[in-house]
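My entries follow the display.

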Number of protein chains: 2
Amino acid sequence: MTIELTPIGFVKHKAASVPRHCSVSTVEGRLVIEPQYQEGLRDIQPGQHLVVIFHFDRSPPFTPDRLVQKPPHRQEKLGVFSICSPFRPNPLGLSVLEVLEVKDNIILVKGLDMLDGTPILDLKPFVPPAPWGVRLGS
Amino acid sequence: MTIELTPIGFVKHKAASVPRHCSVSTVEGRLVIEPQYQEGLRDIQPGQHLVVIFHFDRSPPFTPDRLVQKPPHRQEKLGVFSICSPFRPNPLGLSVLEVLEVKDNIILVKGLDMLDGTPILDLKPFVPPAPWGVRLGS
């Protein structure tokens, strides 16, 4: 069974490097969404947090030796499903970004941890699970 | 540009129906992961929250009339990227579930909002963004 996806847009920024995770990033940049999807952006608001699902497009094919990996910032090896490594069975990334502005088909965001040119697959409202407070999304 | 993904496992549960969102669900069930990925599960702990990216495998192909939709629980129409509808340009779903137990290649979870048989694409630790508190994941 194979699932085929097509990017809805691309990440654009000019930072020389990005932090390893959005939770520790202040990098600003743009999510440039294909114009055909612009109407779907109309309720995204400055100040909200946006979940971005993206493609780790520069990751090599997954191999079993990556089932357990040592993250750069940790001393021990951890199972791939307990870390945010770009080397995963399906090369999907997830970031939660702060929306600064929405202008036509472009979303200005803060908190980027993706490389410039990263393909975007989906955008969703951030809805924290119960222990982290009230529902904020839809 | 097309991105091809293959399920790493499937959701299994016996609930007659599931709530519309994991944040309001107490449904329990199993994430049955392909045995070849079992080693990657070794650091998933009971009590933690797990991000599950899945395939809305029963959604029809996306059409432009779905760029704006009225969710069942809302009065107004909203842009598709501000709601969690299964009708999306790329049919990707996201749930944050509580881990009850990990046994071999099976994860018992609480909070399911996916249909029985839903293909699972990735598992990640839940890392709340800064406004929701300290980092919990890796």
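**Conventions.** I worked on a predicted model, in which local features need pLDDT of at least 70, side-chain atom pairs count only at pLDDT 80 or more, and totals for chains, interfaces and linings use all residues. Residues are numbered from 1 along each chain as its sequence is written, chains are lettered from A and ligands numbered from 1 in the order in which they are written, and side-chain values use heavy atoms, with hydrogens and water left out.

**Interface.** I took contact as heavy atoms within 4.5 Å. On that rule 63 residues of chain A are in contact with 63 residues of chain B. I noted that 100% of the interface residues of chain A are also interface residues in chain B, so the copies meet through the same surface. The area buried between chain A and chain B is about 5,900 Å², and carbon and sulfur atoms give 64% of that; buried area is the accessible area (1.4 Å probe) that two parts lose on being put together, summed over both.

**Salt bridges.** I counted two between chain A and chain B, the rule being a side-chain nitrogen of Lys or Arg within 4 Å of a carboxyl oxygen of Asp or Glu. Arg88(B) and Asp122(A) form a salt bridge through their side chains, at 2.7 Å from N to O.

**Elements at the interface.** Strands (E, at least two residues) are DSSP runs, numbered from the N terminus. The largest share of the side of chain A that touches chain B comes from β9(A), with six residues.

**Strand pairing.** I called two strands paired if DSSP finds at least two bridges between them. β1(A) and β1(B), residues 3–5, pair in the antiparallel sense over three bridges, and Leu5(A) is opposite Ile3(B). His49(B) has Glu98(B) in β7(B) as its bridge partner. I also followed β7(B) to β8(B), residues 106–110, which it joins through five bridges, again antiparallel. Val102(B) stands opposite Ile107(B) there. The hairpin of β7(B) and β8(B) has two residues between the strands, and Asp104(B) takes a positive phi near 55 degrees.

How values were computed:
Helix = DSSP H or I, 4+ residues; strand = E, 2+ residues; numbered from the N terminus.
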